[in-house]
Amino acid sequence: MDYQKFVEEQIQSLRAAVGNQTAINALSGGVDSSVVTVLGFRALGNRLKTVFIDNALMREGEPERVVKTFAEMGIPVELIDARAEFLAALRGLTDPEEKRCAITRTFYQDVFGRLVRNSGAKFLLHGTILTDIEETVAGIKRQHNILAQLGIDPEKQYGYQVLEPLATLRKDGVREVAKVLGLPDAIVHRMPFPGPALAARIVGEVTPERLATVRAATAIVEEELADWKVFQYMAVLLEEKATGIRNGQREFGQIVVVRCVDSVDARQADVVELPWPTLKRICQRITALPGVNRCLYDLTPKPPATIEYV
Ligand code: XMP
């Protein structure tokens, strides 16, 4: 495939679709929404408004880092603090689908919907890729970003029209486009990170305390495995607890799972055989976190497991 040509075609068709109106998009910092942001900015310039919504579920320092990366490319991104709204929507929820729905609803109907209405934009650019559509259609998972494929009319329901310039590409194709667009390596080769963010890595209720735990564990895993050129690695906080001993006292502590998988396109995944010393170091650091007294390594491929836990 000629990705240079793809870029030119998408820029042309975004210009044609939007005309002299304005468009808006939400950037998460992932390769998909980053590519859409650059395509949109090249097509529309300042008629594209890009927002980064801090949903309280991001990794350590992520919102500021993403905004800074785009500022360095000359693309302005507005950081929206919606942490309280997302945490309120998630309070008390433990069921995976209910959690995902609460995040979808808060994102589209409340926070982003409000931003779109206030901005006056009639077009929403979205980084939906082919795999999202296929998995949603197959009923494997309700991807949060596929309103149209789910039969929800975004125009009727949310008052705006969705444009999906990456809908014919898989992840590897999106990375090729990212290279053509000159995006920094950190974005081109960035690991996938799910839309529901750290909420996909907390089994059970998402609270500020539990988020702090999984965020700290995630930072440890990402730091220790930074040199591993594999598909994805993560930390997951379980709902169950286990007894342990700390400072000579018994404690009923939290359990963190470490997962590291290799995959081509996320449809199947194999567990990476990490060396024992690496696993032991990760375990030592994670069990030094307050209230965490077990660290497990997940040996399950996909299928039968999915990559994420929620
Ligand atoms: P699963 O857990 O279904 O994940 O094996 C497959 C790949 O997709 C990512 N993932 C998501 N990405 N929104 C996204 O944008 C989501 O809701 C979502 N859920 C999972 C996951 O990280 C993995 O790479």
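**Exercise 1. Find which atoms of the protein face the ligand, and how much of the ligand is covered.**

Step 1. Start at Gly 195: one of its polar backbone atoms is 3.1 Å from a nitrogen atom of the ligand. This is a polar contact, meaning a pair of N or O atoms within 3.5 Å; within protein, one must be able to donate a hydrogen and the other to accept it, and residues adjacent in sequence count only if both atoms are side-chain atoms.

Step 2. Turn to the ligand's oxygen atoms. An N or O atom in the side chain of Gln 232 is 2.8 Å from an oxygen atom of the ligand.

Step 3. Consider the cover. The ligand taken alone exposes 490 Å², and the protein buries 91% of that (accessible areas by the Shrake-Rupley method with a 1.4 Å probe; for residues, only the protein chains shown count as cover).

The model is predicted: local features need pLDDT of at least 70 and side-chain atom pairs 80 or more, while totals for chains, interfaces and linings use all residues. Residues are numbered from 1 along each chain as its sequence is written, and side-chain values use heavy atoms, without hydrogens and water.

**Exercise 2. Describe the shell around the ligand.**

Step 1. The shell holds 15 residues, the closest being Arg 100, Gln 232, Lys 302, Ile 307 and Glu 308 (a residue is near if one of its heavy atoms lies within 4 Å).

Step 2. Sorted by class, it has 6 nonpolar, 5 polar and 4 charged residues. Here Ala, Val, Leu, Ile, Met, Phe, Trp, Tyr, Cys and Pro are nonpolar, Asp, Glu, Lys and Arg are charged, and the others, Gly among them, are polar.

Step 3. Look at Lys 302 again: its peptide bond to Pro 303 is cis, with omega near -15°. The bond from Pro 303 to Pro 304 is also cis, with omega near 10°.
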